Amino acid sequence: MDVHVADHPLIAHKLTYLRDKRTDSPTFRRLAEELVTLLAYEATREVRTEPFDIETPVAPTTGIKLANPKPIIVPILRAGLGMLDGMVKLLPSAEVGFLGMIRNEETLEVSTYANRLPDDLTGRQVFILDPMLATGGTLVMAVDYLTAKGASDITIVCLLAAPEGLAHLESELASTDIPVKVVVGTVDERLNEKGYIVPGLGDAGDRLYGVL
Ligand code: URA
């Protein structure tokens, strides 16, 4: 598993305001979208392309365009939805699928409650969106689910990660034979006893959409 931690002052600046408990939901949503667009630049570094012949007003030339089949973006509901607009800004021709996963706050067990994805993802590049890589349980399940459908390469985009979650993901995916990359805004100190990232930003879904 390849991990890329963004090291950029603009990302650190936006993350600081995102973490601040005084930041209201509309501002939180705007910052999350802006952050994803910055992270997406790195996450899409190896997006598949093919040559494309064009003519400029001056001369014929060969450029590139996104190859078919187009990548598929999969936000993990609910908090991953807050990252979707930022990602499709950079990849407007990508398809979007949805995966609904929830973790039991007591046992931290993850279960799938919804999915809207093509049955066959053979050969597809997949971008998973989940703001918080905490225990890593949700992402292990999501990667297993998508590889079972044939995904051929997976990039996970997160705003924050805990070292424990990254280690868990790394060990669970050690035997996966497709490339998995994680692009994350920053890696925080640790998880607390409730599975929250410290210092983190609280419950990302609640901060985006209100407390359920
Ligand atoms: N999910 C969240 O929304 N926040 C955390 O800190 C951990 C998991």
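Predicted model: local features only at pLDDT ≥ 70, side-chain atom pairs only at ≥ 80, totals over all residues.

Student: Which residues line the largest cavity?

Tutor: A search of the whole structure finds one cavity of 30 Å³ or more, and about 30 Å³ of space lies in the largest cavity. Helix 2 (25-43) and helix 6 each give two or more residues to its lining. The residues that line the largest cavity are F28, A32, A79, G82, M83, P131, L159, A204 and L208.

Student: Now the largest pocket: which residues are the closest to its centre?

Tutor: The largest pocket has a volume of about 690 Å³. Its lining has 30 residues, and the elements that give two or more of them include strand 4 (72-77), strand 6 (98-103) and helix 4 (137-148). The closest to the centre are A79, M101, R103, E105 and D203.

Student: Which residue in strand 3 does D53 stand opposite?

Tutor: Let's start with the strands. Strand 2 (residues 49-55) and strand 3 (residues 60-66) pair in the antiparallel sense over seven bridges, and a hairpin of four residues joins them. In strand 3, the residue opposite D53 is T62.

Student: Is M1 buried, partly exposed or exposed?

Tutor: M1 lies in the segment before strand 1 (2-5). Together with V3, V5 and V187, M1 forms a nonpolar patch on the surface, with about 250 Å² of accessible area together. Buried means under 20% relative accessible area and exposed means over 50%. The relative accessible area of M1 is 31%, so M1 is partly exposed.

Conventions:
Residues numbered from 1 in each chain as written. Heavy atoms only, no water. Patch = residues over 30% accessible without salt bridge, like charges linked within 9 Å, V, L, I, M, F, W, Y side chains within 5 Å. Areas by Shrake-Rupley, 256 points an atom, 1.4 Å probe, with all protein chains shown as cover. Salt bridge = Lys/Arg side-chain N within 4 Å of Asp/Glu carboxyl O. Buried < 20%, exposed > 50% of the residue type's maximum accessible area, 1.4 Å probe, protein only. Pairing = 2+ DSSP bridges. 1 Å grid on protein atoms, 1.4 Å probe; cavity = no way out; pocket = protein on both sides within 12 Å on 5 of 7 lines; lining within 4 Å. Points joined across faces, edges and corners; volume = space filled by probe spheres on them.
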